Amino acid sequence: MTETAAIISVHNLIKQFGRFAALRGVSAEFAAGRFHVILGDNGAGKTTLLRALAGLAHPTRGAVSVLGKSPRQACRDIGYMAHPSLLYDEMSGMENLKYFARLYGISGDEPCAQAICAVRLDPALARPVGQYSQGMRQRMSLARAILHDPKILFLDEPFSNVDVHSAQEMVRLLKGMRDAGKTIFVVTHQAALVEGVADEFIWMQAGQIVDRTASFNQHTAGVQRT
Amino acid sequence: MNSLWPITLASLAKDIRLEWRSKDALNSMLFFSLLVVVIFSFSFDPTAEESREIAGGLVWVAFLFSAIVALNQTWARELRNQVLDAYRVSPAPANALFLSKALGNFILVMLLEAVMAPLFMVFYNLRVLGTAWELIPVCVLGTWALVASGTFFAAMSIRTRMREVMLPLILFPLSIPAIQSMVEATRIILSGDGNPRFWIVLLLTYDVVFTTACLALFETVLQAE
């Protein structure tokens, strides 16, 4: 399908919440070292697909393989950033990262400080995360996701509620990571931000992938462009 | 998988730090427990002999209801900002999270008992007629019985609506053997009437069975949607 080997494969993935099917038989392969952008209207199944790839949503039917393993087995190679921050509001950024580092067997302040610096924040900032601006919180959340140097990053709405300057900064950071060989998946409604950077646009509608294009403008399947 | 105890201790330290900063659970538990002591002391006017008979039940009712406050708070802070998902995608063992939460609640409830026990003694005019040191294993084993099963069922109920109501509805019926053991052992020790050993052994058995079952099943509870 692509010039590089598939790092993730999804086979006939169905995810139901009660009687509602959020994913309706998604099958796809995703290449390594690329910047994938998942687009679609609200309720199209973007977040559910991302959560299934990260191992947070268990398939009702079908299978997900990440690096030839189940997402749970591949968790050391996965970095996940959700729409909420996944951080404790009462602790500082550094305190948060030091705790999450321990979950991956990482000790010492240095890796945490590096991750915080990578997202252009100050590791010495003592303010609790709850007092950060939305943009700072999003960047600290990204720092948490990249803390253990994962091969694959799943980012859900990383640019929402972030000012244009901060969002562009985040895109530059993600581009650098992609260039360093990481595979990146971004769910967003702000496709314009990643145009020219992303390698592939995945268009979703009603729980299915309806189109995959190399550029934003090539899409023809009828999903509304935002 | 990472080793269990370093992550357990890191999670416990984090929970203690968060509780120290907010004091959400501790303040509500102390206030609630104090209310129970005062209200019951107004409701009854027992002699010292009657107090010894009913104090075991009163003390543990107060601690049980106060523990519910801590148990509900335990998981509430993991749901804010969906922080639990960050743990679920990490390679950290599920049991480390369970143990840290159970130990954190154990420390909170033991702290509460240390503060409230002297107040109970004063308000109900109590004097221990049995072997006083036997109250220590009853408190330790009884508290662990409450928090181990309580932490587990609180985790089970976090994704339900009205979880504050659901927790006691699930927890209390299953804790009856433990509650009866705590109350009977405390009554025997306070009145000096008999030997509490049977109830202490029953409490220990309850702890071993429930802790083992919780550890075996917690991974499933944590990864459930």
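Strands here are DSSP runs of E with at least two residues, helices are runs of H or I with at least four, and both are numbered from the N terminus. All of this comes from a predicted model, where local features need pLDDT of at least 70, side-chain atom pairs count only at pLDDT 80 or more, and totals for chains, interfaces and linings use all residues. Residues are numbered from 1 along each chain as its sequence is written, while chains are lettered from A and ligands numbered from 1 in the order in which they are written.

S8(A) and S9(A) (residues 208-213) run antiparallel and are joined by 5 bridges; two strands pair if DSSP finds at least two bridges between them.

Now for the whole sheet. It is an open sheet of 6 strands in chain A, ordered S5-S6-S7-S3-S8-S9, with mixed pairing. S5 (78-81) and S9 of chain A are the edge strands, each pairing on one side only. On average, neighbouring strands are turned by 20° against each other, direction ignored. Helix H5 of chain A (residues 164-179) packs on this sheet, touching S3, S6 and S7 (183-187), and its direction makes about 150° with that of S7(A). Such angles run from 0 to 180 degrees between N-to-C directions, with axes fitted as lines to C-alpha atoms, for helices over the stretch in contact.

Chain B is another story: it has 9 helices and 0 strands. Its radius of gyration is 18 Å, close to the 17 Å that the globule rule gives for 225 residues, so chain B is as compact as a globular protein of that length. (The radius is taken over C-alpha atoms; the rule is 2.2 Å times the number of residues to the power 0.38.)

And where do the chains meet? 21 residues of chain B are in contact with 24 residues of chain A, contact being C-beta atoms, placed from the backbone, within 7 Å. H1(B) gives the most to that side of chain B, with 7 residues.

Definitions and conventions:
Two residues are in contact if their C-beta atoms, placed from the backbone, lie within 7 Å.
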